[in-house]
Amino acid sequence: MSAVPNSSTRRDVEFDADGTTLRGWFYPAPDSTPTAAVVMAHGFSLVKEAYLDRYAERFVAAGLAVLVYDHRNFGASDGSPRQEIDPWRQIEDYRHAITYASTLPEVDPDLIGVWGTSYSGGHAIVVAASDLRVKAVVCQVPAVNGVQTGWRRTPMAQLAAAGRQFAAERIVRMRTGEVTTRPVIGGAADGPVYAADDASDYFTAVGEIAPSWRNEVTVRTGEWSRVYNASDYIEMVSPRPLLMIVADDDTTSGTDLQLSAFNRALEPKWLRIIPGGHFGPYVEQFEATSSAAAEFFAAHLHASRR
């Protein structure tokens, strides 16, 4: 693998997604001929500046082109309500990103892979299962079962209150158009999405390197996430090659839920288990996770040419 390229080789790009402009970066491969490309986006509430440039540069060093973009309603991309995550819109936007990448002269449209992490790791599974243009997929610490993780995060005694909050928010929107948000991290009294220390440490660090990240998502985001089960699609990824990267102590998305989904996936599939928790891949385990993904894409996308 060659040296990691300088990020100055990338260029800012934008593309249409059903009337909403999505923005990101395109990294051409070192080879001047049309080559394989990876389409990638970040996880829950996150923006591309939160370490995705490092992954993209590692993939470019492996001879791949890369399209990185911000989800609608986040970061540099347009869309409203701001800070709202509709998983199905994000999945459709992955397809728009694949379409855009396929029009670029540096990209071979028959050699496109998708990469996702955490929440978008689940999206990558769904996209690979449903879009025949995808030739290989990497899902890193993926959120595969919103129903089970929702039950684990919300004590049973609090479920009724959560339901009332979702219902009340919908009434306010219908009557006034106003959107209610909740913090991603914070004290227990703030009702954050993530209350664990590792999440607080990670998102606090993200705020220092990604100024466009905001510590909030809409209340409706949580309602949608509780019924989003990406693993329902995992058997349909085959025969496209799948690499799943799992942390052995992931208490956010659930190591057991990820391994259960992987066991249901059909061949060809590969599993890479790394030490640590859900937020470890981006810093402590960056070398392991980025190298595994780069080598996988280089091998399987280039193999698709033959």
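Colleague: Which strand is joined to E1, and by how many bridges?
Modeller: This is a predicted model. The partner covers residues 20-27 and is strand E2, joined to E1 by seven bridges.

Colleague: In what order do the eight strands of the open sheet stand?
Modeller: Strands of a sheet pair through backbone hydrogen bonds, either parallel or antiparallel. Here the pairing is mixed, and the sheet is open. The order is E1-E2-E4-E3-E5-E6-E9-E10.

Colleague: Which strands stand at the edges, and by what angle are neighbouring strands turned on average?
Modeller: Strand E1 (11-17) and strand E10 (269-274) each have a single partner strand, so one side of each is left without a neighbour in the sheet. The edges are therefore E1 and E10. With direction ignored, neighbouring strands of this sheet are turned against each other by an average of 20°.

Colleague: How are H2 and H3 oriented to each other, and what is the hand of their crossing?
Modeller: Helix H2 (residues 87-103) and helix H3 (residues 119-130) pack with their axes 9 Å apart, at an angle of about 60°. The two helices are therefore oblique to each other. Their crossing is right-handed.

Colleague: What kinds of residue make up the contact of H2 with H3?
Modeller: From H2 the contact includes Trp88, Ile91, Tyr94 and Arg95, and from H3 it includes Tyr119, His123, Val126 and Val127. The residues of this contact divide into eight nonpolar, four polar and one charged.

Colleague: Which peptide bonds are cis, and which residue has a positive phi although it is not a glycine?
Modeller: Most residues other than glycine have a negative phi, and most peptide bonds are trans. A cis bond joins Ser80 and Pro81, with omega about 0°, and another runs from Glu267 to Pro268, with omega near 0°. Pro81 lies in the loop between E4 and H2, whereas Pro268 is in the loop between H8 and E10. The loop between E4 and H2 also holds Gln83, and the residue with a positive phi, of about 65°, is Gln83.

Colleague: What does the UniProt record annotate over residues 28-166, and how far apart are the end C-alpha atoms?
Modeller: The unreviewed UniProt entry annotates this stretch as "domain: Xaa-Pro dipeptidyl-peptidase-like". In the model, the chain over residues 28-166 is 40% helix and 22% strand. Its end C-alpha atoms are apart by 44 Å.

Conventions: Residues numbered from 1 in each chain as written. Predicted model: local features only at pLDDT ≥ 70, side-chain atom pairs only at ≥ 80, totals over all residues. Heavy atoms only, no water. Pairing = 2+ DSSP bridges. Helix = DSSP H or I, 4+ residues; strand = E, 2+ residues; numbered from the N terminus. Axes fitted to C-alpha atoms, helices over the stretch in contact; angles between N-to-C directions. UniProt positions renumbered as here; feature names shortened; annotations may be inferred. Parallel < 35°, antiparallel > 145°, perpendicular 65-115°, else oblique. Left-handed = near helix turned anticlockwise from the far one by under 90°. Contact = heavy atoms within 4.5 Å. Nonpolar A, V, L, I, M, F, W, Y, C, P; charged D, E, K, R; others polar.
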